[in-house]
Amino acid sequence: MESKEKELIDYLKELVRIPTFVPPGENYGKIVDWLIPVFEDFGFRCERIEMPEDVYGARQKSAELSGERVNLLATKDFGAKESVDIYTHLDVVPAGEGWNTSPFEPVLKDDRIYGRGVADSKGSVASLLTALSEMNEHELESKYNLRVALTTDEEIGLYSGLCFFADEGLLQGDYLLCMDGDNEGICVATNGVMNWEIKVYGKSCHSSVPFLGQNAIEKAMQVVEDLSELKREVESRESKAPCSSYMTEATGQKHTKPVFNVTMINGGVKENIIPPSCTLCGDRRYIPEEAVEEVIKEFEDFLQRVKTKHGTELELHYKPGFPPMFTNPDDEWVRRVQDAASDAFGVYKEIIGVQGGLDVAYAVQKTKQPVCAFGVGNWIESNAHGADENVRIRDLKDYVRFLVRLLT
Ligand SMILES: [Zn+2]
């Protein structure tokens with residue numbers, strides 16, 4: 001094994017062995033303390049930044065979380081004219097079941113490395129360290145001053161370490177590279193997310209005399225039926241953001257779309273009680289061209305009509321998620337990232353949008369930085385968030401090459 005490859009794999013193994021799964025997210029301090037001397041060796045100035053208790057308590061803390069929210073900001077001034085913020089998250093999702101290897105003891109097998117977080121997104125952290133080491137060794141100066149932000153709680157939301165960095169003014173680069181994501185294409189657009197809950201009310205009574213009450217489940221079914229009209233309307237829209245060619249192949253759609261789903265239904269007390277209430281939940285993902293106020297107004301107006309039509313008593317609640325993100329595909333930064341990635345991987349990397357959401361969208365809504373997301377895993381084979389998460393060694397090495405090309 002060549003020495004750089006060994007260094008890369010060793011970094012990744014060390015990172016995976018520190019179990020930063022969230023919930024609970026207990027080992028952020030440990031992983032940041034491991035990273036600091038490594039970055040310092042490459043001439044970076046490191047700050048260990050803990051989210052203050054009052055901010056954490058107000059915006060993120062929950063019963064399932066424990067430990068401090070420790071983030072890393074590593075900066076190096078190369079005397080360059082422009083600067084880049086490089087971001088990804090240090091947390092991973094819990095191991096879950098069904099693994100053939102031990103999730104936090106990485107294993108090399110058939111030119112892949114297996115372990116929780118190797119693709120999402122510790123592989124990109126290990127690649128960055130290897131790229132910096134290579135630049136150091138060959139005395140390659142970065143074209144940009146670098147600010148590396150490695151942060152907490154992306155996988156659990158809603159107020160991740162990156163959101164805190166954005167609010168604190170710690171993201172200051174002319175450009176932002178998000179290393180979270182897969183290596184399918186250069187992602188410039190995401191949807192915003194609005195989770196919703198509709199509580200439908202009825203009136204309970206003995207089920208043998210249902211005419212004395214009102215069955216909330218039956219009323220809710222009617223609401224679901226009516227919502228399909230809103231779903232059709234919403235999903236007939238289209239963003240100008242292109243979707244990946246795989247997505248086009250699978251769905252025929254060429255651009256990303258808004259999404260409307262009913263994803264949970266909950267109601268009833270007992271078999272012989274007419275249910276007094278029923279709750280419907282779902283998500284509404286909106287494209288960058290839709291304003292959140294319009295999304296809310298459209299939903300409220302629609303439900304008002306449903307209410308009037310059937311005389312149904314219902315309440316609507318929202319849980320807002322990340323906003324949408326859109327960087328102009330013709331932006332200079334996008335072109336530079338695309339060129340470096342296509343070069344390093346030896347295949348043309350397309351510019352894409354996705355219908356999911358990212359915490360980086362919250363950050364750039366604040367900072368207005370041009371941003372691209374391009375990560376290390378293969379979005380089908382890597383099985384991020386699943387059992388046997390893995391990444392090809394070749395993809396890691398190509399990603400190192402991509403970083404060196406982009407930065408030098
Ligand atoms: Zn991720």
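Reply: Helix 1 (residues 3–17) and helix 4 (residues 122–137) pack at an angle of about 140 degrees, and their axes lie 9 Å apart. Helices (H or I, at least four residues) and strands (E, at least two) are DSSP runs, numbered from the N terminus. Axes are lines fitted to C-alpha atoms, for helices over the stretch in contact, and angles run from 0 to 180 degrees between N-to-C directions. The model is predicted: local features need pLDDT of at least 70 and side-chain atom pairs count only at pLDDT 80 or more, while totals for chains, interfaces and linings use all residues. Residues are numbered from 1 along each chain as its sequence is written.

Helix 1 and helix 4 are therefore oblique to each other; angles under 35 degrees count as roughly parallel, over 145 as roughly antiparallel, 65 to 115 as roughly perpendicular and the rest as oblique. Their crossing is right-handed. A crossing has that hand if the near helix is turned clockwise from the far one by less than a right angle, and is left-handed if anticlockwise. On the helix 1 side, the residues that meet helix 4 are K4, E7, L8, Y11, L12, L15 and V16. Their partners in helix 4 include K122, V125, L129 and E134. Residues are in contact if their C-beta atoms, placed from the backbone, lie within 7 Å. The contact of helix 1 with helix 4 holds eight nonpolar, four polar and four charged residues. Here Ala, Val, Leu, Ile, Met, Phe, Trp, Tyr, Cys and Pro count as nonpolar, Asp, Glu, Lys and Arg as charged, and the others, Gly among them, as polar.

Two strands pair if DSSP finds at least two bridges between them. Strand 5 (residues 112–114) pairs with strand 16 over three bridges in the antiparallel sense, and Y114 stands opposite N390 in strand 16.

As for the setting, the protein is divided into domain 1 (3–190 + 324–407) and domain 2 (192–320), with bounds from an automatic or database domain assignment. The domain centres, taken over C-alpha atoms, are 35 Å apart. Their contact takes 14 residues from domain 1 and 15 residues from domain 2. On the domain 1 side, strand 8 (186–190), strand 13 (325–326) and strand 14 (351–353) each give two or more residues. Strand 14 gives the most, with three. That side of domain 1 divides into eight nonpolar, four polar and two charged residues.

Note on methods
Two residues are in contact if their C-beta atoms, placed from the backbone, lie within 7 Å.
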